[in-house]
Amino acid sequence: MSDKGDGRTANGSTGAVTPVAAPPAAAPATIVAPRAEDATPRSLSRFLSLADFETAARRALPRQIYGYYAGAAETSQSFQGNFAAFRQYDLVPRVLTDVSSRSTRAKLFGMDYWAPFGIAPMGLSGLATFDGEIALARAASAANIPSIVSATSLTPLERIAQEGRARWFQAYLPGEDARIEAMVARVQAAGYDTFVLTADVPVAANRENNVRTGFSIPLQPSLRLAWDGLSHPRWLCRTWFATLLSRGVPHFENMDAFRGPPILARNVVRAIGARDQLAWRHLALIRRLWPGRLVVKGILSPADAVLARENGADGIIVSNHGGRQLDGARPPLLALPEIAEVSGSMAVMLDGGIRRGSDVLKALALGADFVFVGRPFLFAAAARGEAGVSHAIALLVAEIERNMALLGVSRIEDVGAAHVERSPFPR
Ligand SMILES: Cc1cc2nc3c(=O)[nH]c(=O)nc-3n(C[C@H](O)[C@H](O)[C@H](O)COP(=O)(O)O)c2cc1C
């Protein structure tokens with residue numbers, strides 16, 4: 001893993017970044033140290049890995065909402081390919097390396113984080129649990145990892161910055177200079193230091209599973225929707241009614257510089273604007289306007305990585321949107337090595353299909369500086385709220401830390417190409 005993202009933006013400014021101290025490095029493991037699971041509350045102790053949260057989330061959530069969270073585009077080829085890609089690589093452990101003082105701490109853009117992963121931006125997170133967007137941001141900031149606020153979130157980005165201490169905002173922008181200028185100004189005024197432009201959504205994806213479950217954006221009031229709510233009374237009372245009581249029907253708050261439509265409405269069409277006109281010149285425009293870190297999300301081609309760099313990006317997220325956009329798009333892990341090679345001083349991040357600490361280590365070994373994880377944290381929020389997200393973060397950190405020892409490395413920056421090889425077995 002290279003040491004990139006030195007805390008300066010491509011245009012030379014240092015951005016509005018204040019380093020946050022990481023939690024103290026994990027004490028060297030000894031046989032008298034308390035085991036992590038001893039401190040876990042009973043309500044969380046049955047969640048042993050990220051995968052365990054999905055079963056609980058499926059039960060907790062109305063069918064439409066669970067389907068929207070879990071689903072992917074068309075045949076799910078890219079979604080499944082993301083997992084298959086990790087199985088195409090084997091780790092190559094080294095032994096007898098004295099790993100007694102290992103640490104998961106990772107540096108990105110000059111910041112010290114507890115571990116080399118963060119929470120990916122996910123729309124409608126506010127429906128996973130009461131104040132879901134605040135829950136995700138709070139759990140992340142308490143653990144000292146980054147979380148990215150989605151453009152399709154339901155809580156005003158200013159509130160998530162204040163109450164959740166979120167510092168990364170992800171935008172969906174139309175190719176219209178005036179709307180871009182207004183949005184960048186709003187995000188800056190709210191105190192964010194990292195602006196993520198998602199580039200792989202020129203049009204809405206074809207997600208047939210949403211049509212089958214009756215999910216739409218905005219949600220259309222229907223008997224089916226009402227029944228689904230009624231058959232999940234806990235979610236209905238603790239999330240939906242609690243939200244209505246505290247702030248009325250949620251709106252798309254962060255698509256633009258102004259408030260968007262409500263999420264429950266008949267005959268309302270979201271004015272997403274000319275998103276299919278968005279082009280590299282708009283990234284250059286954002287670069288001129290935005291003094292902080294600038295990241296492009298949704299890169300899968302080395303040629304686009306070069307264009308991102310030339311137009312002023314400080315980092316890229318190699319991603320196929322969790323298989324939710326172009327079905328058949330290559331898995332980010334397979335695209336990673338050739339993209340890392342041409343990325344120069346940009347930070348290279350990756351998301352899609354990461355479910356285990358060993359997946360994180362494979363991505364780092366193949367050239368990522370940092371990774372993001374999506375659905376599992378949403379499922380953790382749906383299953384157990386903020387405490388669930390904190391537990392999920394701790395589980396992934398523990399897996400990384402344990403697997404570092406088994407791999408024979410003590411520091412995240414020591415994970416490198418020698419620790420991974422292409423598997424000879426198709427799995
Ligand atoms: C429910 C859901 C909503 C999402 N919404 C957004 C979004 O608003 N903006 C965005 O850039 N990516 C969005 N994504 C994609 C994620 O940021 C990320 O790329 C993907 O979830 C990573 O794959 P994983 O879920 O396998 O970890 C969404 C993903 C999910 C599952």
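**Parallel sheet, core and cavity in a predicted model**

Strand 4 (residues 117-119) and strand 11 run parallel and are joined by three bridges. Helices (H or I, at least four residues) and strands (E, at least two) are DSSP runs, numbered from the N terminus. The model is predicted: local features need pLDDT of at least 70, side-chain atom pairs count only at pLDDT 80 or more, and totals for chains, interfaces and linings use all residues. Residues are numbered from 1 along each chain as its sequence is written, and side-chain values use heavy atoms, with hydrogens and water left out.

Strand 9 (residues 315-318) pairs with strand 10 in the parallel sense over four bridges. Two strands pair if DSSP finds at least two bridges between them.

In a regular strand the side chains alternate between the two faces of the sheet. Strand 11 (residues 370-373) points Phe370 and Phe372 one way and Val371 and Val373 the other way. All four are buried (under 20% relative accessible area; exposed is over 50%, partly exposed in between; 1.4 Å probe, protein chains only).

The largest nonpolar core has 124 residues. Such a core is a set of buried Ala, Val, Leu, Ile, Met, Phe, Trp, Tyr and Cys residues joined through side-chain atoms within 4.5 Å. Phe117, Trp168, Tyr192, Ile316, Met349 and Ile393 have the most contacts inside the core. Helix 14 (residues 375-407) gives the most to the core, with 16 residues. Tyrosine 192 is in contact (heavy atoms within 4.5 Å) with residues including Val149, Leu157, Trp168, Phe169 and Trp290, leaving aside neighbours within four places in sequence.

Helix 2 (residues 63-70) is mostly covered, with seven of its eight residues buried. Among them are Gln64, Tyr66, Tyr68 and Tyr69. The cover includes helix 1 (52-60), helix 3 (77-87), helix 9 (233-247) and helix 14.

Glycine 126 lies in the loop between strand 4 and helix 4. The residue is buried, with a relative accessible area of 3%. Glycine 126 touches Asp131, Gly132, Glu133, Leu154 and Thr239, not counting residues up to four places away in sequence. Proline 250 is 124 residues from glycine 126 in sequence, yet the two are 8.7 Å apart in space, C-alpha to C-alpha.

One cavity of 30 Å³ or more is present. On a 1 Å grid over the protein atoms alone, a cavity is a set of points where a 1.4 Å probe fits but cannot get out; lining residues have an atom within 4 Å of a point. The largest cavity holds about 120 Å³ of space. Of its 13 lining residues, Glu133, Leu136, Ile148, Val149 and Ser150 are the closest to its centre. Helix 4 (132-143) and strand 5 (148-149) each supply at least two residues of this lining. The largest share, three residues, comes from helix 4.

Definitions and conventions: On a 1 Å grid over the protein atoms alone, a cavity is a set of points where a 1.4 Å probe fits but cannot get out, and a pocket is an open set with protein on both sides within 12 Å along at least five of seven lines; lining residues have an atom within 4 Å of a point. Grid points are joined across faces, edges and corners, and a volume is the space filled by probe spheres set on the points.
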